[in-house]
Amino acid sequence: MGSAGGDAWQDPARWEEALATCRARYPLQQATLDGAIWPFLDTAKGEEALLLLPGAMGFADTAFHLVLAFAGQMRVLSVDYPPALTDGDRLVDGLAALLARCGLAPAHVVGGSYSGLAAQRLAARYPAQVRSLILANTWAPDPGRARLFRPAAWLVARTPARLLQRVMAAYMGAFLPGADPATRFWRGYFAEVLPAFTPALVASRLAAFASLDCTGGARHGGRGVVTECAERKQRSLRDPCLPPGELHPIPVLLVESDGDHLFGDGSRRALQRRYPQAQVVTLDCPGHAAALTHVEEYVQVYRDWMTYEH
């Protein structure tokens, strides 16, 4: 299938052009839901729907390559997280409300890195609004990790903005080593958006992810995964709106990359235990940033998955 965004997103040397095209073609919109302002990009056309969730340091246009790659095939919604939201349930309630407002449910949902927690919580809390769940380079909810994020959020909120941005700039240099065109682009992109990462914004994201680590499925069946759906032989989540014993099947795809220093073997095993019937794809792409630097490989996996699920 062709892409409505052309082919610039496939060539790292042309990603600045692709980003500018995405921003011009799909300008940032806003929706106020339950008092929170949700910025989002919307391609506005397509029968099927794809919801893209940003990682810890992402914004709506961070996924410009996915927006352009899938715009000709389905309606794509790429969101920012409202800076005022620090509660995981309120965050996924807002996502569900945004899907309903745009008339997009059920949608394929992509959650990578930290946004995988939000995607999992959305599927557990609103299974009827999730057509399939795509989890890339992410992990299962872990209350132990939340005990680290909460004090980190408290500390970041009290850190001077200039000091925080210096720390984050140093982190991005370590996170994106190398001199290839893809890595150079992303270092430039994050340098451009770095001023937006105020202490309040970073602290709110840390607090929200801590909340998701604590609540990511515990209300609905322990670890949020109950059983295999015998009819479809797909991973299933219990729908709290259905009578006891009835299941709402949600197909799950787990995408991993070799050499992911944040998503290690232990995290992979924990996530696979959570979704034992999921399809697992391991890509020969180095590092946690593989979804950013090896775009074509991830797009192909996502496209194959959604074509199969269609």
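A31 belongs to strand β1, which covers residues 29-33 in what is a predicted model. Because its relative accessible area is 3%, below the 20% cut-off, A31 counts as buried.

Leaving aside residues up to four places away in sequence, A31 touches A36, I37, W38, F40, L98 and R101. Two of these contacts, L98 and R101, carry numbers that fall within helix α3, residues 88-102. A31 and C102 are separated by 71 residues in sequence, while their C-alpha atoms lie 10.0 Å apart in space.

## Helix α3

Helix α3 is built from 15 residues, and the distance from its first C-alpha to its last is 21 Å, close to the 21 Å expected at 1.5 Å a residue. The buried residues of α3 are G88, D89, L91, V92, G94, L95, A96, L98, L99 and C102.

At the start of α3, the backbone nitrogen of D89 has a side-chain oxygen of D87 within 3.1 Å. Just after α3, G103 adopts a positive phi of about 70°.

## Confidence of the model

Across the protein the mean pLDDT is 84, and 86% of the residues score at least 70. Confidence is highest in strand β4 (residues 75-79), with a mean of 97, and lowest in strand β7 (residues 228-229), where the mean is 29.

Over residues 216-248 the pLDDT stays under 50, although the model has 83 contacts beyond four places in sequence for this stretch. Where pLDDT is low, the predicted coordinates should not be read in detail.

How values were computed
Residues are numbered from 1 along each chain as its sequence is written. This is a predicted model: local features need pLDDT of at least 70, side-chain atom pairs count only at pLDDT 80 or more; totals for chains, interfaces and linings use all residues. Side-chain values use heavy atoms; hydrogens and water are left out. pLDDT is the predictor's confidence in each residue, from 0 to 100. Helices (H or I, at least four residues) and strands (E, at least two) are DSSP runs, numbered from the N terminus. Contact means heavy atoms within 4.5 Å. The expected span of a helix is 1.5 Å times one less than its number of residues. Buried means under 20% relative accessible area, exposed over 50%, partly exposed in between (1.4 Å probe, protein chains only). A polar contact is a pair of N or O atoms within 3.5 Å; within protein, one must be able to donate a hydrogen and the other to accept it, and residues adjacent in sequence count only if both atoms are side-chain atoms.
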